Amino acid sequence: MRKEELPGLVNLSMVNKRTRVNAISSIFDHIFFTQQWGSEVEPWVGVESSVEIILRNEKLVSSVRGFDFHPWVHSPSESKIPSSFFTLLFSFPALRELSIGVQDSYLPQIQQELDDRFLSGARLPESLRSLCIPDPRWMFLVDNMPRLEYLVIKKRASSVDDESFEFDVQKLGISHPNLKKLHCQTPCKTENIQEVAHAFPNLRDIGLLGCAAWRESESVMHHLACYSTLSKLESISIPHLTSLGLNYYPPWCGNAYRSNPGLKARLHAQRKQIIRQILDAIELEVLTKGASRLQRVDIGGTICERNASGRVQRSRYVYFQGPTGRRPVEEDVSGDEDEVNKRTRSVATPLIFDRLFFTRQWRENEEPWAGADESIKLLLQNQSIRSSARTLYCRLWVYSETKIPSSFFSLLFSLPNLSELAVSLQDSYVPQVQTELSAIMNEGNLASPFPLSLTSLIISNVHWIFLAEYISRLESLTIEHGIPGLVKKSLGFDIEKLAHCHPGLKKLHCQSACLAQNIQHLAEIAQFLPNITKVGLFGGVITDESNRHSSILDHLLCYRALPRLETISFPRLSFLNLGFNPPRCGNAYLYNPTLRNQIATDAKTLKRRILETIEREVLPNGGPRILAVTIDTEIYERDTDGTFRRTKIVSHTGREERSIKIQSVRNSDDTI
């Protein structure tokens with residue numbers, strides 16, 4: 001770098017620093033702690049170090065306005081919440097909203113920790129105005145929030161059917177007379193509404209959301225008038241229609257609607273009629289008789305608002321987003337319903353149709369491709385769907401050999417933003433697909449019929465590798481299955497030709513055997529694939545008389561030939577000739593309970609041997625900087641000390657792969 005360039009670099013660094021500092025107040029205004037720990041991982045690992053990082057950043061701490069603490073632990077009675085959490089809770093000077101949702105087992109610990117801190121003189125931030133707690137047993141928190149204005153109690157503490165309050169309303173009214181919002185799981189009956197009105201004359205938002213045992217002659221309609229005693233009321237929340245004694249009980253099972261096509265429409269009409277009856281009663285009994293400020297009514301998630309003419313109209317639906325159930329997302333339905341549906345579709349289309357799946361199987365007694373041609377033509381007419389598609393999965397099987405409809409190819413080449421293509425068809429369709437591709441190329445004089453965005457190809461076997469020749473910028477190639485009867489001692493395709501077409505290839509997964517000669521073959525063309533970073537040979541270790549005792553451990557050294565390699569993938573242990581062949585039949589485990597634990601222990605030991613061999617023989621002295629190793633469904637990532645630790649489990653869902661992140665635990669048997 002030239003000396004005259006240094007001032008510009010300093011200025012750029014200062015700009016980045018100012019940007020980060022200014023962004024902190026926006027990014028960290030609300031902290032959500034929703035970590036969940038299953039049975040395989042140790043809870044709370046890393047929490048204390050994370051808290052220390054937060055506490056060291058004064059700007060961040062002072063920016064926090066909301067804190068949601070909603071963890072879940074597999075065995076809460078055995079794992080206490082770290083004390084650093086309580087230190088953090090008392091360290092937010094501008095905290096306004098606190099939401100706690102933990103398992104019941106943690107109630108005694110939290111109560112004791114807070115009591116100890118209160119006795120020592122510590123106080124919760126005076127800025128706290130809003131509190132959300134699991135049930136009334138947590139009301140001790142309210143006693144330490146003198147300026148509380150908004151209180152939400154998510155559920156009842158007892159399962160006993162009791163229609164009265166589970167906490168002392170009058171006591172709360174004395175300690176917090178200026179409470180503006182109260183939501184709890186107490187039924188909206190006259191005596192309860194009157195009790196709230198007497199205790200909180202300034203209440204603006206009331207939600208009595210408990211289920212009541214309504215008598216046939218009585219429903220919620222007989223109790224609405226009592227809301228008029230709250231003169232400053234602006235918002236009323238009542239339970240869902242099914243909990244109001246209004247004879248609205250739609251079936252929960254979808255089969256009821258399939259067997260009765262008109263049922264859904266009738267229930268929708270009944271629902272609209274009941275909502276209108278409730279709103280009319282509120283207008284007549286509440287708005288005109290004391291609660292003239294009322295602007296909003298929430299009926300089980302259906303938001304109704306007062307318009308300019310004074311009428312209360314249905315305007316929005318509310319559903320809850322995120323694991324805490326606190327963040328409402330509102331959808332406007334006040335306008336024309338067709339226009340609302342149009343807006344909803346335009347927003348939802350990119351999310352719903354980013355992956356298109358064709359996974360049909362036609363059996364002997366079914367007409368092949370029946371209905372497919374018509375469905376594809378509908379897709380071709382919808383530009384929004386075609387533009388949204390990023391992945392196309394074609395996994396089709398036909399009993400009798402028939403041609404693929406031409407509309408299928410029209411769709412295949414009309415997805416402008418396609419980035420991944422997966423093809424799994426019978427090999428008998430190879431000639432037709434080749435012919436169609438050649439015809440399109442010649443007709444349009446195209447370099448490639450596929451969009452430039454297509455970088456990933458997944459094919460069923462090497463017979464379909466010709467598709468790679470028609471893709472301009474292939475970066476990832478996966479061959480899912482081998483060819484029956486084909487010896488796995490070769491890669492099964494001309495890799496030099498592939499490298500010539502796609503020198504930028506970064507990922508190659510195929511069903512070749514994990515043998516030295518194959519890995520050496522990759523090394524020979526490493527100069528043609530300078531960007532290869534991910535390699536997976538899933539054919540296992542093939543042995544014969546000359547190498548019957550050879551295992552994967554004898555071939556790992558050959559990976560050093562790939563200088564930019566970052567990820568290695570192996571098949572399951574039973575394919576690697578390590579003497580690990582667990583029973584495939586579940587009955588073997590049923591009659592031998594200790595067998596499962598023994599197999600799990602053996603598997604951990606063997607995986608550790610593979611990883612240690614890579615650490616010892618492949619990485620040192622200028623070897624590739626391998627960052628991750630996948631063995632079957634488990635992903636091991638290299639830690640800062642150079643040790644591979646399990647961090648993810650890949651879940652095969654049939655259509656795609658999803659990786660589930662797991663907590664890394666040091667010095668534990670669970671990390672191998």
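**Cavities, cores and local geometry of the predicted model**

The second largest cavity has a volume of about 70 Å³. A cavity is a set of points, on a 1 Å grid over the protein atoms alone, where a 1.4 Å probe fits but cannot get out; lining residues have an atom within 4 Å of a point. Grid points are joined across faces, edges and corners, and the volume is the space filled by probe spheres set on the points. Five cavities of 30 Å³ or more are counted by this rule. The lining of the second largest cavity consists of Cys-394, Phe-408, Phe-409, Leu-412, Val-423, Leu-425, Val-433, Trp-464 and Leu-467. Helix H13 (residues 406-412) supplies the largest share of this lining, three residues.

The structure is a predicted model, in which local features need pLDDT of at least 70 and side-chain atom pairs count only at pLDDT 80 or more, while totals for chains, interfaces and linings use all residues. Residues are numbered from 1 along each chain as its sequence is written, and side-chain values use heavy atoms, with hydrogens and water left out.

The secondary structure comprises 18 helices and 28 strands; helices (H or I, at least four residues) and strands (E, at least two) are DSSP runs, numbered from the N terminus. Of the 672 residues in the protein, 44% are buried, where buried means under 20% relative accessible area, exposed over 50%, and partly exposed in between (1.4 Å probe, protein chains only). The protein exposes about 35,600 Å², of which carbon and sulfur atoms supply 50%; accessible areas come from the Shrake-Rupley method with a 1.4 Å probe, and for residues only the protein chains shown count as cover. Among contacts (heavy atoms within 4.5 Å) between residues at least 6 apart in sequence, 67% join residues at least 24 apart.

The largest nonpolar core contains 86 residues, and Phe-67, Leu-151, Tyr-227, Ile-278 and Ile-299 have the most contacts inside it. Helix H9 (residues 263-285) gives the most to this core, eight residues. Such a core is a set of buried Ala, Val, Leu, Ile, Met, Phe, Trp, Tyr and Cys residues joined through side-chain atoms within 4.5 Å. With neighbours within four places in sequence left aside, Leu-151 contacts Leu-131, Ile-133, Met-139, Val-142, Leu-172, Leu-179, Lys-181, Leu-182 and His-183. A second, separate core has 84 residues, among them Phe-570, Leu-576, Leu-578 and Leu-595.

In helix H2, the buried residues are Val-47, Val-51 and Ile-54. Viewed down the axis of H2, these residues fall within an arc of 60°, so they line one face of the helix; the arc is that of the directions from the helix axis to the C-beta atoms. Ile-53 and Arg-56 are exposed on the other side of H2. The buried residues of H2 pack against strand E1 (30-33), E2, helix H3 (58-63) and helix H4 (83-89).

Most residues other than glycine have a negative phi. Trp-44, in the loop between strand E2 (36-37) and helix H2 (47-56), has a positive phi near 65°. Trp-44 is buried, at 8% relative accessibility. Asn-247 also has a positive phi, near 60°, and is placed in the loop between strand E10 (235-238) and helix H8 (255-258). Asn-247 is exposed, with a relative accessible area of 58%.

Note on methods
1 Å grid on protein atoms, 1.4 Å probe; cavity = no way out; pocket = protein on both sides within 12 Å on 5 of 7 lines; lining within 4 Å.
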